[in-house]
Amino acid sequence: MHQIPNIITILRIFLVVPIVLALLDQRYELGLILFAVAGISDGVDGFLAKHYHWESWFGSMLDPIADKLLLVATYITLSYLGLLPLWVVALVLLRDFIIVAGATCYYHRIKHFTGEPTLVSKINTFTQILLALLIVLAQVTNWVPASSITILIGIVAGTTIASGADYVVEWVRRAQQHGK
């Protein structure tokens, strides 16, 4: 039973390709449904892991990888389709690169750690998921105002920058605690 969150996370990874293909085929309804299922599964696996104490090192590494695969693939696809500005994709990729580089350096130079998303990072992931959902929803229905997407792009940019900076500050603080 304790592996259920990891199984849900793996299933989320398997949804990435069908989501991208649905979007590229401009089958936005299907893409929206699959992306919503993937987004909801992220919350479900996290809830199960915490509520039932089914947390594991593997899960703490796998969950953010699943999130990144889903979001990066979706953002690149939406940008390719002209629905999301390329600079937003570049900002998200830069943040992810900084986090991976920082985590790798920390792991190899200082000590082993578990992937612990910060509150700012959780907010950033939520806003990124919400932005992708709204963009795809706007292709399906007329009720999403363009201004709401524009505002959410600004929020995603702000939380992306804040989250990247938050991780850098946290790793520097931890490194200083370990005298490195």
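Colleague: How many aromatic pairs does the structure hold?

Modeller: One aromatic pair, in a predicted model. It joins the rings of Y52 and W54.

Colleague: Why is the pair of Y52 and W54 called stacked?

Modeller: Rings of Phe, Tyr and Trp (its six-membered ring) pair if their centres lie within 6.5 Å; planes under 30 degrees apart are stacked, over 60 edge-to-face, the rest tilted. Y52 and W54 have ring centres 4.9 Å apart and planes at 25°, so the pair is stacked.

Colleague: What are the ground rules for these values?

Modeller: Residues are numbered from 1 along each chain as its sequence is written, and side-chain values use heavy atoms, with hydrogens and water left out. Since the model is predicted, local features need pLDDT of at least 70 and side-chain atom pairs count only at pLDDT 80 or more, while totals for chains, interfaces and linings use all residues.

Colleague: H53 sits in the loop between α2 and α3. Is H53 buried or exposed?

Modeller: Its relative accessible area is 67%, so H53 is exposed. The phi of H53 is near 60°, a positive value in a residue other than glycine.

Colleague: What can you say of R27?

Modeller: R27 lies in the loop between α1 and α2 as well. At 45% relative accessibility, R27 counts as partly exposed. The C-alpha atoms of R27 and V140 are 9.1 Å apart, although 113 residues separate them along the chain.

Colleague: How do you know that the length of α4 agrees with expectation?

Modeller: Helices (H or I, at least four residues) and strands (E, at least two) are DSSP runs, numbered from the N terminus. The expected span of a helix is 1.5 Å times one less than its number of residues. For the 24 residues of α4 that gives 34 Å, and the end C-alpha atoms are 34 Å apart, so the two agree.

Colleague: How far do α2 and α3 reach?

Modeller: α2 has 24 residues and reaches 34 Å, close to the expected 34 Å. α3, also with 24 residues, reaches 35 Å, close to the expected 34 Å.

Colleague: What covers the buried residues of α2 and α4?

Modeller: In α2, the buried residues, including Y28, F35, D42 and D45, pack against α1, α3 and α5. In α4, buried residues include R95, D96 and Y106, and the cover includes α3, α5 and α6.

Colleague: What makes N6 and Q128 buried?

Modeller: N6, in helix α1, has 5% relative accessibility, so N6 counts as buried. Q128, in helix α5, has a relative accessible area of 0%, so Q128 is buried too.

Colleague: What lines the second largest pocket?

Modeller: On a 1 Å grid over the protein atoms alone, a pocket is an open set of points with protein on both sides within 12 Å along at least five of seven lines; a 1.4 Å probe fits there, and lining residues have an atom within 4 Å of a point. The second largest pocket has a volume of about 170 Å³. Of its 11 lining residues, G102, C105, Y106, W171 and V172 are the closest to its centre. α4 and α6 give two or more residues each, and α4 gives the most, with five.

Colleague: How confident is the predictor?

Modeller: pLDDT is the predictor's confidence in each residue, from 0 to 100. The protein averages 91, and 97% of the residues score at least 70.

Conventions. Buried < 20%, exposed > 50% of the residue type's maximum accessible area, 1.4 Å probe, protein only. Points joined across faces, edges and corners; volume = space filled by probe spheres on them. Contact = heavy atoms within 4.5 Å.
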